[in-house]
Amino acid sequence: MEDSLKENIYFMWLSGMNMPDHNTINRFRGKRLEGHLKDIFSAVVLLLSEEGHLSIREVFVDGTKIEANANRYTFVWGKAIATQKQKIRGQLESLWSYAQNIYNAELKEPETPDFTEISAEKVEETIRQINQKLKDKEIDKEVKKKLEYGAKHWPENIRKYQSQQEILNGRNSFSKTDTDATFMRTKEDHMKNGQLKPCYNWQFSTNNQFVVNYTVTQTTTDTTKLIEHLESHKDQYGSYPETATADSGYGSEENYQFIEENEIEGFIKFNYFHKEQTRKFKEDIFRRENHYYNPDQDCFYCPMGQKMQKIGEGKRKTSTGFEQQVSYYQAQNCQRCPLRWGCHKAKGERIIEVNLNLERHKQNARDLLLSPEGIEHRKRRPAEVEAAFGNIKQNKGFRRFLLRGRKKVEIETGLIALAHNLSKIRA
Ligand code: SF4
């Protein structure tokens with residue numbers, strides 16, 4: 001750009017003959033645009049909407065992973081940290097019990113510490129206590145070595161693990177060269193094998209193949225990111241879209257609940273949406289989904305026509321903290337049933353677990369998706385967001401970020417989305 005501003009007449013005209021050097025341009029991109037680009041992006045989208053190019057009321061949502069500008073071999077895994085901490089915990093326990101075995105009476109006070117949660121200070125204090133008790137005593141060489149090693153390295157390691165866990169903030173992994181990037185499985189390796197690479201997950205909503213909104217997320221699943229994405233739409237445009245269309249990766253109870261509460265018409269598939277349309281699925285009398293439910297009596301009927309009475313309820317929480325309520329229904333006389341062979345393998349009576357709220361949402365989604373309007377939305381969906389991703393990744397060759405850190409990556413995403421929209425008008 002620096003060169004073009006000096007040589008290219010179009011760039012000269014655009015910049016009004018200003019000729020900033022590449023450092024100034026880079027600083028403008030990385031720092032001055034921070035916190036402002038999304039507003040500029042939405043102002044352009046609104047302008048495009050007024051001109052009739054797109055509608056912000058009807059959006060198609062999907063996600064894709066873009067490789068971060070980070071070294072793919074400098075990873076930190078949450079599970080490895082947990083394992084290392086567990087190892088230190090185990091060694092501390094064994095050292096403590098070694099000391100207790102030899103000098104039982106002396107070590108009864110203080111009581112054995114609780115090693116469930118360990119901190120650098122606790123490790124230091126425990127080793128200090130053990131050393132104090134074993135002072136002037138003859139102890140095993142290996143134990144002595146371990147105590148020396150532990151005193152030197154474990155507190156420092158625990159501090160390192162704690163700061164890494166803070167960076168992880170619930171994620172499974174991060175790259176040391178861009179700590180905001182998470183390792184995700186991508187589809188696009190040249191050998192067509194899935195590869196784990198440090199990535200960010202783009203969530204885009206489009207209309208008429210124009211990008212209406214974008215969010216950059218750090219987790220690999222799309223399911224838990226729809227609400228954040230729709231909230232961001234509201235922040236930018238003052239209200240939620242009227243309709244949202246997305247694939248089955250977004251069909252969760254929490255998402256359905258959210259769109260219902262916020263009066264968004266959601267053409268969002270769920271797992272099994274396509275499978276349940278097949279004859280094999282419909283004719284499988286043993287599938288729980290094909291059992292008749294009587295809402296007045298709150299009971300199901302099994303393939304033998306026996307009533308399945310409700311026997312209890314349970315609650316569970318999803319990874320996002322959303323509470324789900326499930327009900328259990330039990331059949332009767334399974335032992336003597338002639339259909340037992342194909343029905344279930346459990347020893348006693350068959351028990352089924354049903355989330356009635358999710359079933360209600362799925363029925364609403366099914367009605368919408370199978371309506372003429374739903375079929376139209378489903379037809380359009382693959383040619384909407386995928387086309388924008390295809391243009392950016394394949395035609396423009398953008399497959400890896402140039403900047404590091406989530407804030408800068410968001411700016412880069414905004415610039416790419418803005419450029420995509422503007423180039424579409426030109427086209
Ligand atoms: S085995 Fe039990 S649940 Fe299955 S059809 Fe027979 S009675 Fe109904």
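Modeller: Two residues are in contact if their C-beta atoms, placed from the backbone, lie within 7 Å of each other. The structure is a predicted model, in which local features need pLDDT of at least 70 and side-chain atom pairs count only at pLDDT 80 or more, while totals for chains, interfaces and linings use all residues. Residues are numbered from 1 along each chain as its sequence is written.

Colleague: Which residues of helix H10 are buried?

Modeller: An α-helix has 3.6 residues a turn, so residues three or four places apart point the same way. In helix H10, which spans residues 253–261, the buried residues (20 or more other C-beta atoms within 10 Å of their own) are Glu253, Asn255, Tyr256 and Ile259. Seen down the axis of H10, these buried residues fall within an arc of 165 degrees, judged by the directions from the axis to the C-beta atoms, so they line one face of the helix.

Colleague: What do the buried residues of H10 pack against?

Modeller: Their partners are helix H9 (226–237), helix H13 (356–370) and the strands E7 (243–246), E8 (265–268) and E12 (323–330); helices (H or I, at least four residues) and strands (E, at least two) are DSSP runs numbered from the N terminus. After H10 comes Glu263, whose phi is positive, near 55 degrees.

Colleague: Is the chain as a whole compact or spread out?

Modeller: The chain has 16 helices and 13 strands. Its radius of gyration, taken over C-alpha atoms, is 29 Å, well over the 22 Å that the globule rule (2.2 Å times the number of residues to the power 0.38) gives for 427 residues, so the chain is more spread out than a compact globule. Along the principal axes, its C-alpha atoms fill a box of roughly 85 × 80 × 40 Å, and buried residues make up 25% of the 427 residues.

Terms used. A residue is buried if 20 or more other C-beta atoms lie within 10 Å of its own, exposed if 12 or fewer, and partly exposed in between; C-beta atoms are placed from the backbone.
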